[in-house]
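Me: Hi! Could you walk me through the helix packing in this one?
Reply: Happy to, let's take a look together.

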Amino acid sequence: MNGSTTARMASNTAVLPQQLTWEQAVAQLQGADLQDRYYAAWYLGTVRDPRGVDPLLLALQDELDRTALGGYPLRRNAAKALGQIGDARAVPGLVEALACADLHVREEAAYALAQLQDPRAVDPLLALLQAPEVEQPWEALIEALGQLNARQAEEAIRPFLNHSSERVRSAAAWVLYRFTQSEELTQILAVLLAHSNSSLRQAALFDLAESGWVAGAPLLATADVALNLRINALKRLFDVAIQLGQVPLPRVAESIIPQLDHLL
């Protein structure tokens with residue numbers, strides 16, 4: 001799970017939900033009140049009951065909840081909830097949502113597909129990344145391909161190292177480091193970790209963790225961000241490094257655990 005996804009899921013569960021039975025939540029999702037429908041989609045994601053997949057897939061095609069600018073708020077929440085539930089039955093519907101006119105629906109669908117870890121998502125995500133004539137949720141697409149270990153996307157991702165958005169450059173750097181272990185990519189993350197913008201420093205913190213660059217542990221431990229975030233990033237780096245298996249376990253431990261001990 002990438003840094004953006006981790007933060008988004010935390011924000012999605014930060015408020016205790018109004019208690020509903022599964023039946024009540026589905027009834028609200030299929031009702032007439034747009035606010036209740038939006039809440040019900042969010043609720044079904046928090047309870048992660050696989051029975052929510054079918055009604056959420058229907059909500060992913062909703063035409064009633066539209067913003068003045070043409071966005072689809074209910075579809076966005078439905079896509080997010082389907083990612084949280086993690087049921088592979090949602091893959092075809094989420095792939096279809098990648099063609100939605102609402103960029104934010106495409107973004108939520110990309111993150112959801114990353115959570116589902118289904119290889120059927122790779123080709124559609126890569127095709128969208130290679131369609132630069134339309135503005136796309138570049139960060140989400142790159143990170144999803146990274147989480148899916150889609151190494152065939154390396155050449156398509158590389159141009160984004162020069163993108164105008166720091167967040168997109170950071171996403172490209174961590175994903176390509178996972179694929180190549182090229183040290184030059186770590187410098188992009190190190191520079192963003194020292195950025196004057198606190199939001200960018202925080203994003204770079206978790207992007208460095210996602211990269212699996214264990215030698216970057218001291219940078220995480222001393223970054224100018226809140227202590228709890230540094231601790232969480234170091235724990236995530238440890239998990240990612242173990243998962244990737246590119247660095248021997250003793251070296252992972254000796255690089256990260258002393259940094260954690262110093263902070264705890």
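**Helix packing**

Reply: This is a predicted model. Let's start with helix H8: its buried residues are covered by, among others, helix H7 (103–116), helix H9 (138–147) and helix H10 (154–157).

Me: Which residues of H8 are buried?
Reply: In H8, which spans residues 122–129, they are Val122, Leu125, Leu126, Leu128 and Leu129. They sit on the same side of H8, because they cover an arc of only 160° around the axis.

Me: Switching to the core: which residues touch the most other members?
Reply: Leu94, Leu125, Leu129 and Ile157 do, in the largest nonpolar core, which has 89 residues. Helix H11 (residues 166–180) gives the largest share of this core, with 9 residues.

Me: And what does isoleucine 157 touch?
Reply: Leaving out residues up to four places away in sequence, isoleucine 157 touches Leu129, Ile142, Leu145, Ala172, Val175, Leu176 and Phe179.

Me: Back to H11, then. How many of its residues are buried?
Reply: 11 of the 15 are buried, so H11 is largely enclosed by the rest of the structure. Among them are Trp174, Tyr177 and Arg178.

Me: What covers them?
Reply: The cover for the buried residues of H11 includes H9, H10, helix H12 (183–193), helix H13 (198–211) and helix H15 (227–244).

Me: What about the ends of H11?
Reply: At the N-terminal end, serine 165 is the cap, with a side-chain oxygen 3.3 Å from the backbone nitrogen of arginine 167. After H11 comes glutamine 181, with a positive phi near 55°.

Technical notes
Residues numbered from 1 in each chain as written. Predicted model: local features only at pLDDT ≥ 70, side-chain atom pairs only at ≥ 80, totals over all residues. Heavy atoms only, no water. Buried < 20%, exposed > 50% of the residue type's maximum accessible area, 1.4 Å probe, protein only. Helix = DSSP H or I, 4+ residues; strand = E, 2+ residues; numbered from the N terminus. Arc of directions from axis to C-beta. Contact = heavy atoms within 4.5 Å. Core = buried A, V, L, I, M, F, W, Y, C linked by side-chain atoms within 4.5 Å. Polar contact = N/O pair within 3.5 Å; in protein donor to acceptor, adjacent residues only side chain to side chain.
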